[in-house]
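Here is a short note to read beside the model. Please keep the structure open and look up each point as you go.

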Amino acid sequence: MGIREFPNGSAGMRRSPDVSPRRLSDISPQLRQLKYLVVDEAIKEDLKWSRSVEDLTSASVGLTSIEERILRITGYYGYQPWAASCKRDERSRESPAPAEAQMQAGAEGGARGNRCCWKCSVTQFKKLFWGVAVVLGVCSSWSGSTQLAKLTFKKFDAPFTLTWFATNWNFLFFPLYYLGHVFKSAEKQSPKQRYRECCRFFGDNGLTLKVFFTKAAPFGVLWTLTNYLYLHAIKKINTTDVSVLFCCNKAFVFLLSWIVLRDRFMGVRIVAAIFAIAGIVMMTYADGFHSHSVIGIALVVGSASMSALYKVLFKLLLGSAKFGEAALFLSVLAVFNVLFITCIPVILYFTKVEYWSSFDVIPWGNLCGFSILLLTFNILLNFGIAITYPTLISLGIVLSVPVNAVVDHYTSEIVFNSVRVIAIIIIGLGFLLLLLPEEWDVWVIKLLTHLKVRKKEEIPEGNGDIASGLPNKSRRTRPSRSSFAH
């Protein structure tokens, strides 16, 4: 075509890949002519307001044909029209239509997204279901053990002996864990192999005598003190005050972790700690600072402090433990209790501090029931995170407070005055604030930003609906103007 357009042209006008391309200055007259191309205003308006796919397709085809014509005329850079048309045909045959490709990709992506959403929703539902079950178990076992201990002391006034008896049941932790390992694990191990593997938690040499006295014995003492002070406080004050004051151990854990472990400082947790301290003071004031209630409140606060010290030292000296390692550690505490704490109830018996006339007087049903409930509580508290969220487990401790309050209302002469109610609410609020995750402020900012963006997106959509009629009107009136011009 180039020779027919330019009869005086030489054979060099035919371009092929073997010939070097022409210079841009050779086609400068043709390029200058492009400057004077004028498009009618009516055509501009039609192209501007056209929204149909056919108009866009025809425009793109027209532009492509103009471009090919210029390149064929000039022969610039070895252009071969047959090669370009063949490539276009091949591309059109190989690749499906854009709409079809988008529909296929959207269908595949939607199917994958639906499957993932279904799996996530089922998993979250299971975790939530087990979480509710664990919360009810923690609440009932903790409040039940507290009420049963109160009932036991009416017949058997020996809190330290009850502590020693219940701690011995911790020996069942590792056997129960091994039963779960046998039923759930694919690679089953013998009890000796599992024991040796869990002993690595104490160090490379396992559970040696030195490790027993340096890493297990201190925690055995703290465990015994925590339970004894808690049970002794039940003798002095009502179970509602005991259960709500023990919730302050969460605030003590934060303060000790901030000081000893150098944990991240969080203002909301400082506020929660202040709430806990204020609730303790108000709880003391609720009964008029009587010596009996002050001693009971001091015993509960001491128990909460020992519990917090136990948790912080465990993280400092031993770190985090797996389920088998935690079960073995709690069983080792029972061994320490039998070997070294047994002498104390014997001494208290012969000194008549905790004395009973005969073994027939001991309410063995209450003692065994209390021990089983306490064992259940510790199992759910330590191993419940395997099936649900840790926050839900902690909520069970808070929910035990209203349960104990209802029981005390019908079984004792407790007076829920305004000071006591406010103290309970403040301590409970502080406990809930301590359950907030460390990144809670980041999540709140992201949520507010997302809501703000959604509001901004909704406003332009509304404006677009109002203004959508304007182009249609102008498009309908455009033909009358063009006919008038002609």
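This is a predicted model: local features need pLDDT of at least 70, side-chain atom pairs count only at pLDDT 80 or more; totals for chains, interfaces and linings use all residues.

1. Start with one term. A residue counts as buried when its relative accessible area is under 20%.

2. Now the whole chain. The chain has 21 helices and zero strands. Of its 486 residues, buried ones make up 35%. Take the contacts between residues at least 6 apart in sequence: 82% of them join residues at least 24 apart.

3. Back to H18, for its length. This helix has 22 residues. From its first C-alpha to its last it reaches 33 Å. At 1.5 Å a residue, 32 Å is expected, so the two values are close.

4. Run the length check again on helix H19, residues 418-434. Its 17 residues should span 24 Å at 1.5 Å a residue. The end C-alpha atoms are 24 Å apart, which agrees. The expected span uses one less than the number of residues, because that is how the span is defined.

5. Which residues of H19 are buried? They are Val419, Arg420, Ala423, Ile424, Ile427, Gly428, Gly430, Phe431, Leu433 and Leu434. An α-helix has 3.6 residues a turn, so residues three or four places apart point the same way.

6. What do the buried residues of H19 pack against? Four helices are listed: H11 (239-246), H12 (249-260), H13 (267-286) and H18 (390-411).

7. Look at H13 with H19. Their axes are 8 Å apart, and the two helices pack at an angle of about 160°. That makes H13 roughly antiparallel to H19, because angles over 145 degrees count as roughly antiparallel. The crossing is left-handed. On the H13 side, the residues that meet H19 include Val268, Ala272, Phe275, Gly279, Met283 and Ala286. Among their partners in H19 are Val419, Ala423, Ile427, Gly430 and Leu434.

8. Compare helix H8 (residues 173-184) and helix H9 (residues 191-199). Their axes come within 11 Å and cross at roughly 110°. That makes H8 roughly perpendicular to H9. The contact is made by Phe174, Tyr177, Tyr178 and His181 of H8, with Pro191, Arg194, Tyr195 and Cys198 of H9. This crossing of H8 and H9 is right-handed.

9. Next, one pair of residues. Asn227 sits in helix H10, residues 209-236. Thr163 sits in helix H7, residues 159-167. Buried or exposed? Asn227 is buried, at a relative accessible area of 17%. Thr163 is buried too, at 2%.

10. Both side chains reach a backbone oxygen. For Asn227, that oxygen belongs to Trp223, at 2.8 Å. For Thr163, a polar side-chain atom lies 2.9 Å from the backbone oxygen of Pro159. Now leave aside neighbours within four places in sequence. Asn227 is then in contact with Thr163 and Leu374. Thr163 is in contact with Thr224, Asn227, Tyr228 and Leu231.

11. Val221 also lies in H10. Its relative accessibility is 39%, so Val221 counts as partly exposed. How far apart are Val221 and Asn337 in sequence and in space? They are 116 residues apart in sequence, and 8.5 Å apart from C-alpha to C-alpha.

12. Lys250 lies in helix H12. This lysine is partly exposed, with a relative accessible area of 27%. Lys250 and Ala308 are 58 residues apart in sequence, and their C-alpha atoms are 7.1 Å apart in space. Beyond neighbours within four places in sequence, Lys250 is in contact with Ser394, Phe431, Leu434 and Leu435.

13. Last, please check Lys352. Where is it? Lys352 is in the loop between helix H16 (343-350) and helix H17 (364-383). Its phi is near 65°, a positive value in a residue other than glycine. Lys352 is exposed, with a relative accessible area of 59%.

How values were computed. Residues are numbered from 1 along each chain as its sequence is written. Side-chain values use heavy atoms; hydrogens and water are left out. Buried means under 20% relative accessible area, exposed over 50%, partly exposed in between (1.4 Å probe, protein chains only). A polar contact is a pair of N or O atoms within 3.5 Å; within protein, one must be able to donate a hydrogen and the other to accept it, and residues adjacent in sequence count only if both atoms are side-chain atoms. Contact means heavy atoms within 4.5 Å. Axes are lines fitted to C-alpha atoms, for helices over the stretch in contact, and angles run from 0 to 180 degrees between N-to-C directions. Angles under 35 degrees count as roughly parallel, over 145 as roughly antiparallel, 65 to 115 as roughly perpendicular and the rest as oblique. A crossing is left-handed if the near helix is turned anticlockwise from the far one by less than a right angle, and right-handed if clockwise.
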